[in-house]
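Hello,

Here is the structure I promised to pass on to you.

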Amino acid sequence: MTTSQLPTTPPALPSRILTAEAYQRLADVPPEVEWFANLPNRATRRAYENAIKDFMRFTGIVKPEEFRTVTRAHMIAWRDDLVQRGLTGMTIRHRLAALSSLFEYLCEKNAVTHNPVKGVKRPAVESYEGKTPALGDHQARQLLDAPDATSLKGKRDRALLATLLYHALRREELCKLKVKDFRHERRGVAHLKVSGKGGKTRYVPLHPAASGLIGDYLEAAGHGGDDAGALFRPIHNNRADGLAKAITPDAVYKIVRGYSSALGFEIGAHALRATAATNALDHQADIAKVQEWLGHANIATTRIYDHRRTRPEDSPTFKVAY
């Protein structure tokens with residue numbers, strides 16, 4: 001088995017009924033491969049695969065079983081190599097977390113006696129200050145007004161941008177939205193049903209401005225009655241057999257990039273999530289509520305968007321009076 005073959009998944013089965021041969025093949029699957037196959041999230045799989053393959057290249061590991069000989073010294077040497085390569089502290093922490101997840105699984109399976117990542121000092125978090133830029137209010141308004149309100153593409157893009165800016169969704173969450181997901185009602189208030197990270201579902205109150213723009217888009221596009229179909233769709237596939245196809249995260253990025261570049265402030269789609277979170281906190285939204293709104297597991301992640309403590313006008317300097 002070569003490096004390029006790892007991580008991999010268990011062999012495909014010939015039928016739904018296990019033959020003796022198929023049963024034995026599954027019984028022989030190494031726990032290292034089993035761990036990777038059991039990761040449910042596609043983005044997590046991709047990130048962990050990059051980390052595992054990088055570690056394998058560094059150590060020369062070829063076979064899954066060789067992970068069981070890894071020591072803390074190997075992990076420290078790899079961490080130092082990542083630092084020397086100029087990777088950010090956050091990236092290094094993520095890569096170590098991927099290996100730690102693997103070894104925790106191996107411990108559960110009694111394939112190893114301990115997790116060699118434990119005790120390895122990780123780079124400090126550089127700052128709670130977010131790296132993703134947040135737009136000013138005037139820039140957000142410019143972006144919302146940028147698409148042509150008379151064309152189908154413009155109506156879709158205005159609805160898409162409003163959904164991101166008013167609800168702080170991730171690109172992937174927006175792409176997963178079905179038509180029926182914007183028609184939920186809780187306690188008499190319209191809500192978006194959002195499928196978030198880790199298979200977690202949350203309900204976000206639907207902003208009236210976004211609701212109106214989504215309604216305009218659906219009326220022009222003609223798929224408002226397709227409850228189970230994708231809410232946001234590619235324009236060229238909006239009819240016939242392409243009706244249910246959803247817009248891709250990459251397409252969402254390009255849409256945001258295109259309009260923002262034309263306005264003179266080139267940003268990615270995640271900047272709209274940062275803008276919404278920062279704006280909500282600046283207008284005195286409770287940070288615990290914002291955490292729930294964003295779908296963050298840890299409130300420390302939400303604090304990245306809280307810039308209130310950095311505003312000069314709030315400094316104790318201006319509270320001093322003689």
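Below is what turned up, grouped by topic. Please keep in mind that this is a predicted model.

**Cysteines**

Cys-175 is buried, because its relative accessibility is 10% and the cut-off for buried is under 20%.

**The strands**

Strand β1 covers residues 184–186 and strand β2 covers residues 189–195; the two pair in the antiparallel sense through three bridges. Together β1 and β2 make a hairpin with two residues between them. In that turn, Arg-187 has a positive phi of about 55°.

β2 also runs antiparallel to strand β3 (residues 201–205), and five bridges join them. This is again a hairpin, with five residues between β2 and β3. Gly-198 in the turn has a positive phi of about 65°.

His-184 stands opposite His-191, and in β3 the bridge partner of His-191 is Pro-205.

**Aromatic rings**

There are six aromatic pairs by the rule used here. In one of them, Trp-35 and Phe-36 have ring centres 6.3 Å apart and planes at 55°, so the pair counts as tilted. Both Trp-35 and Phe-36 are buried.

Another pair is Tyr-217 with Phe-232: their ring centres are 5.8 Å apart and their planes are at 10°, so this pair is stacked. It links distant parts of the chain, 15 residues apart, with Tyr-217 in helix α9 (residues 208–221) and Phe-232 in the loop between α9 and α10 (249–263). Tyr-217 and Phe-232 are both buried.

There is also one aromatic cluster formed by Phe-55, Phe-67, Trp-78 and Phe-103.

**Charges over rings**

Phe-36 comes up again here: the charged end of Arg-45 sits over the Phe-36 ring, 4.7 Å from its centre. The charged end of Arg-186 sits over the ring of Tyr-203, 4.2 Å from the ring centre.

Happy browsing, and do write back with any questions.

Best wishes

Note on methods: Residues are numbered from 1 along each chain as its sequence is written. This is a predicted model: local features need pLDDT of at least 70, side-chain atom pairs count only at pLDDT 80 or more; totals for chains, interfaces and linings use all residues. Side-chain values use heavy atoms; hydrogens and water are left out. Buried means under 20% relative accessible area, exposed over 50%, partly exposed in between (1.4 Å probe, protein chains only). Two strands pair if DSSP finds at least two bridges between them. Helices (H or I, at least four residues) and strands (E, at least two) are DSSP runs, numbered from the N terminus. Rings of Phe, Tyr and Trp (its six-membered ring) pair if their centres lie within 6.5 Å; planes under 30 degrees apart count as stacked, over 60 as edge-to-face and the rest as tilted. A charge sits over a ring if NZ of Lys or CZ of Arg is within 6 Å of the ring centre and within 35 degrees of the ring normal.
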